[in-house]
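This briefing looks at how two protein chains meet, and then at a surface feature and the fold of the individual chains. Please keep the sequence and the model in view while reading.

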Amino acid sequence: MPDLNPISLWQRLLAAPNDSRGKTLTMAFLVSFAAALAVSSAAVLLGPRLDANREAERRARLEALIAETPGLAEVLPGSGIDSLEVLTVDLRDLSLADAVDPTQMTELTPDDDIAGIGTRHDLQQIFMARDGRDLALVILPVYGQGYQSTIRGYLALGPDLNTVIGLTITEQGETPGLGATIQTPGWLAQWPGTQLMDEAGEIRVAVVRGGGSTAYEVDAITGATRSSNGVQNMIRFWVGPLGFGPVLDALRSGDLP
Amino acid sequence: MRAALKPLFDPLLRDNPVTVQILGICSALAVTTSMTTALTMSLALTAVLVASSAVISLIRRHIPAQIRLILQITIIAAMVIVADLILQAYAYAISQRLSIFVSLIVTNCIVLGRAEAFAMSNPVGPSILDALGNGVGYSAILMVIAFLRELLGFGTLFGATVFPTVAEGGWYQPFGFMLLAPSAFMLLGLLVWALRSWRVEQVEPATTRVDREEALS
């Protein structure tokens with residue numbers, strides 16, 4: 001009958017020679033377990049604060065996007081992002097919802113998934129501002145896979161829903177000094193005025209090396225090709241048919257308020 | 001009493017991890033463009049160092065020799081992640097400025113060095129003192145370099161204006177070189193030279209032939 005008393009088992013473990021196979025395995029397991037427990041408890045306990053901080057950061061960046069885009073602040077009836085209309089759209093059928101529900105997602109096939117996000121959240125919040133009754137500005141949330149992180153940002157479009165008014169990156173974990181340049185004001189300053197689609201409705205916007213020669217192109221970052229491509233594919237996906245393309249069409253035709 | 005506190009006071013000057021052992025200089029040059037980031041980094045490193053030394057010393061008799069390094073690194077890495085999360089939760093703006101350097105405490109030679117050289121063979125109390133001493137010794141050097149770089153590079157200390165810069169209508173022309181990484185190497189080199197001229201016993205004996213020939217000539 002083997003001894004299963006946990007106290008004597010523990011004492012046997014402590015007394016065992018350090019280099020025995022059993023003790024090596026047990027110590028490896030116990031240390032990893034304790035480390036995992038410490039990290040996950042910290043993540044769970046601090047989770048609400050971390051989320052609140054990230055939310056505040058997103059809000060501040062959205063406000064900065066509005067403040068830095070020329071002529072935008074004057075268009076808004078009030079001040080800051082509180083004056084924006086918020087619309088929660090269901091991308092599956094363009095119906096309006098009350099709140100964002102992160103559990104509703106659509107799986108993307110690898111061919112469709114140019115932004116590398118795997119699944120698309122169906123309910124998305126978009127922001128709009130009006131000049132009188134006409135649409136003055138639409139802000140779309142965008143996200144996609146960069147080189148080593150998920151890039152998140154907001155894309156602001158003008159009243160024609162084709163001209164970029166501004167792009168801001170709210171979250172990224174790209175290589176500091178290289179890919180992280182996508183978040184710098186200097187690089188983002190290239191975006192205002194960029195056209196998304198040509199007259200035929202084909203998506204033409206691109207981030208290219210030594211680019212900026214046509215109205216659809218933005219210059220890529222040297223040494224950070226995959227981060228640059230990540231931003232390009234993210235924008236192409238979200239203004240495309242599986243992103244906000246149908247929403248933009250509905251806004252153009254007046255089907256959405 | 002003096003002997004008991006030796007692990008605490010030795011690393012401050014006589015055996016400073018940065019200026020004598022030349023460890024941890026990667027972060028010393030990365031985060032020292034401002035006093036605020038340098039202080040935050042110093043606190044984070046000291047906290048991780050003390051906590052990991054205490055834990056490693058506590059279980060030192062039961063760490064199998066073949067896997068001791070990986071166990072030490074696992075413990076240190078867990079501490080660093082927790083410290084990073086705490087910073088992100090309570091000092092979000094500073095944690096954004098420190099970006100990856102808090103996570104890189106894992107690879108800081110001081111932490112693993114103290115675990116391997118001291119905590120593995122000493123009781124918990126002295127290990128904590130040794131960790132604290134090394135943490136404070138590292139912090140002191142970081143603060144000296146950050147003081148010079150922020151003062152000369154921006155004309156400020158902890159973000160408060162000391163020298164009004166020309167751009168703001170004052171008289172001080174900021175020394176832009178101080179904000180680049182090489183300036184930290186040069187300041188550190190000058191500091192090591194100054195300390196070793198004062199305390200000659202810290203000068204290392206010549207080890208290569210070129211050194212010896214130069215020393216003779």
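This is a predicted model: local features need pLDDT of at least 70, side-chain atom pairs count only at pLDDT 80 or more; totals for chains, interfaces and linings use all residues.

Buried area here is the accessible area, taken with a 1.4 Å probe, that two parts lose on being put together, summed over both. Three residues, His62(B), Leu85(B) and Tyr92(B), supply 30% of the area that chain B buries against chain A, which is more than any other three residues provide.

**The interface between chain B and chain A**

- The contact draws on 21 residues from chain B and 21 residues from chain A.
- Between chain B and chain A the count of salt bridges is zero, whereas six residue pairs, with both residues at pLDDT 80 or more, are in polar contact.
- On the side of chain B that touches chain A, helix α4 of chain B (residues 68–90) gives the most, contributing 11 residues.
- Sorted by class, that side of chain B has 16 nonpolar residues, four polar residues and one charged residue.

**A nonpolar patch on chain A**

- Trp10(A), Leu14(A), Phe29(A), Leu30(A), Phe33(A) and Leu37(A) make a nonpolar surface patch of about 610 Å².
- Two elements of chain A, α1 (6–15) and α2 (21–68), are those that give two or more residues to the nonpolar patch.
- With four residues, α2(A) gives the most to the patch, and Phe29(A), one of the residues that make the patch, has its place in this helix α2 of chain A.

**The fold and extent of chain B**

- The secondary structure of chain B comes to nine helices and two strands, and read along the sequence these follow the pattern α-α-α-α-α-α-α-β-β-α-α.
- Along its principal axes, the C-alpha trace of chain B spans about 65 × 60 × 35 Å.

Notes: Residues are numbered from 1 along each chain as its sequence is written. Chains are lettered from A and ligands numbered from 1 in the order in which they are written. Side-chain values use heavy atoms; hydrogens and water are left out. Contact means heavy atoms within 4.5 Å. A salt bridge is a side-chain nitrogen of Lys or Arg within 4 Å of a carboxyl oxygen of Asp or Glu. A polar contact is a pair of N or O atoms within 3.5 Å; within protein, one must be able to donate a hydrogen and the other to accept it, and residues adjacent in sequence count only if both atoms are side-chain atoms. Ala, Val, Leu, Ile, Met, Phe, Trp, Tyr, Cys and Pro count as nonpolar, Asp, Glu, Lys and Arg as charged, and the others, Gly among them, as polar. Patches are made of residues with over 30% relative accessible area and no salt bridge: like charges are joined within 9 Å, nonpolar side chains (Val, Leu, Ile, Met, Phe, Trp, Tyr) within 5 Å. Accessible areas come from the Shrake-Rupley method with a 1.4 Å probe; for residues, only the protein chains shown count as cover.
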